[in-house]
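Please look over the structure below.

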Amino acid sequence: MAQQRLPVRKIREVLRLKAVGLSDRKIAAAIGSARSTVQECLRRAREAGIGWPPDLTDEALHARLYERSVPLSSRPQPDFAQLHAELARAGVTRLLLWQEYKAAHPDGWQYSAFRDQYRQWLSSRELVLRQNHAPGEKLFVDYAGQTIPIVDRSSGEARPAQIFVAVLGCSNYTYAEVTCPPI
């Protein structure tokens, strides 16, 4: 799991307490964070040449500590509209799309940056469809997804089965049942 970034207020406190001479453990206890997070913050401050007191605004301090080493814009960008359309197909995942992207662009984004940029692109699209349903007014029914194999215990024969799903519009109560075609 990735380390959490400290808020600027805590970054300033870490730098102040380190300048006073406290150990990383004591600083971590004082700000209520992990020692590794404190060490990472101090490492970034050392690499950025920031000491105590930092004569930077909050935004500038955060940017200097957490700026990307290679800007995302210099990497080849995927066509997110096409990726979004691909995700609608059965069996297609973000990981699969990233693997295809990485095969085509070995110097491209890593998976976490790929996901973040896709999420950012997705949030820029304003697609909201609110539907209000009166109780008992609508029932939505369909067969969900791909078939699953059901094995007959006596003969060992596998038959494809479908999953029937029904959902009430207002309450979202769901009913699901596996159905097999007759032999």
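Phe 140 has Val 167 in E2 as its bridge partner. This is a predicted model, in which local features need pLDDT of at least 70 and side-chain atom pairs count only at pLDDT 80 or more, while totals for chains, interfaces and linings use all residues. Residues are numbered from 1 along each chain as its sequence is written, and side-chain values use heavy atoms, with hydrogens and water left out.

**The sheet**

Helices (H or I, at least four residues) and strands (E, at least two) are DSSP runs, numbered from the N terminus. Two strands pair if DSSP finds at least two bridges between them. E1 and strand E2 (residues 158–168) are joined by 10 bridges in the antiparallel sense. The open sheet holds three strands, ordered E1-E2-E3, with antiparallel pairing. Its edges are strand E1 (139–151) and strand E3 (174–179). Each has a single partner strand, so one side of each lacks a neighbour in the sheet. On average, neighbouring strands of this sheet are turned by 20° against each other, direction ignored. In general, strands of a sheet pair through backbone hydrogen bonds, either parallel or antiparallel.

**Helix packing**

Two packed helices are described by the angle between their axes and the distance between the axes. Axes are lines fitted to C-alpha atoms, for helices over the stretch in contact; angles run from 0 to 180 degrees between N-to-C directions. Helix H1 (residues 8–20) packs with helix H3 (residues 35–48) at about 85°, and their axes are 10 Å apart. H1 and H3 are therefore roughly perpendicular to each other. Angles under 35 degrees count as roughly parallel, over 145 as roughly antiparallel, 65 to 115 as roughly perpendicular and the rest as oblique.

Which residues of H1 and H3 make the contact? H1 brings Ile 11, Val 14, Leu 15 and Lys 18, and H3 brings Val 38, Cys 41, Leu 42 and Ala 45. Contact means heavy atoms within 4.5 Å. By class, the contact of H1 with H3 has seven nonpolar, no polar and one charged residues. Ala, Val, Leu, Ile, Met, Phe, Trp, Tyr, Cys and Pro count as nonpolar, Asp, Glu, Lys and Arg as charged, and the others, Gly among them, as polar.

**Salt bridges**

A salt bridge is a side-chain nitrogen of Lys or Arg within 4 Å of a carboxyl oxygen of Asp or Glu. By this rule, the count is seven. The table gives some of them.

| Salt bridge | N to O distance |
|---|---|
| Arg 44 and Glu 40 | 3.0 Å |
| Arg 43 and Glu 47 | 2.6 Å |
| Glu 86 and Arg 89 | 2.4 Å |

Salt bridges that share partners join Glu 40, Arg 43, Arg 44 and Glu 47 into one network. Arg 44 and Glu 40 are four residues apart in helix H3, about one helical turn. Arg 43 and Glu 47 are also four residues apart in helix H3, again about one helical turn.

For accessibility, buried means under 20% relative accessible area, exposed over 50%, partly exposed in between (1.4 Å probe, protein chains only). Arg 44 is partly exposed at 25%. Glu 40 is partly exposed at 22%. Arg 43, at 29%, is partly exposed, whereas Glu 47 is exposed at 60%. Glu 86 is partly exposed at 25%, and Arg 89 is partly exposed at 49%.

**A loop residue**

Gly 91 sits in the loop between helix H5 (80–87) and helix H6 (94–104). Is Gly 91 buried or exposed? Its relative accessibility is 61%, so Gly 91 counts as exposed. Gly 91 and Trp 52 lie 39 residues apart in sequence and 53 Å apart in space, C-alpha to C-alpha.
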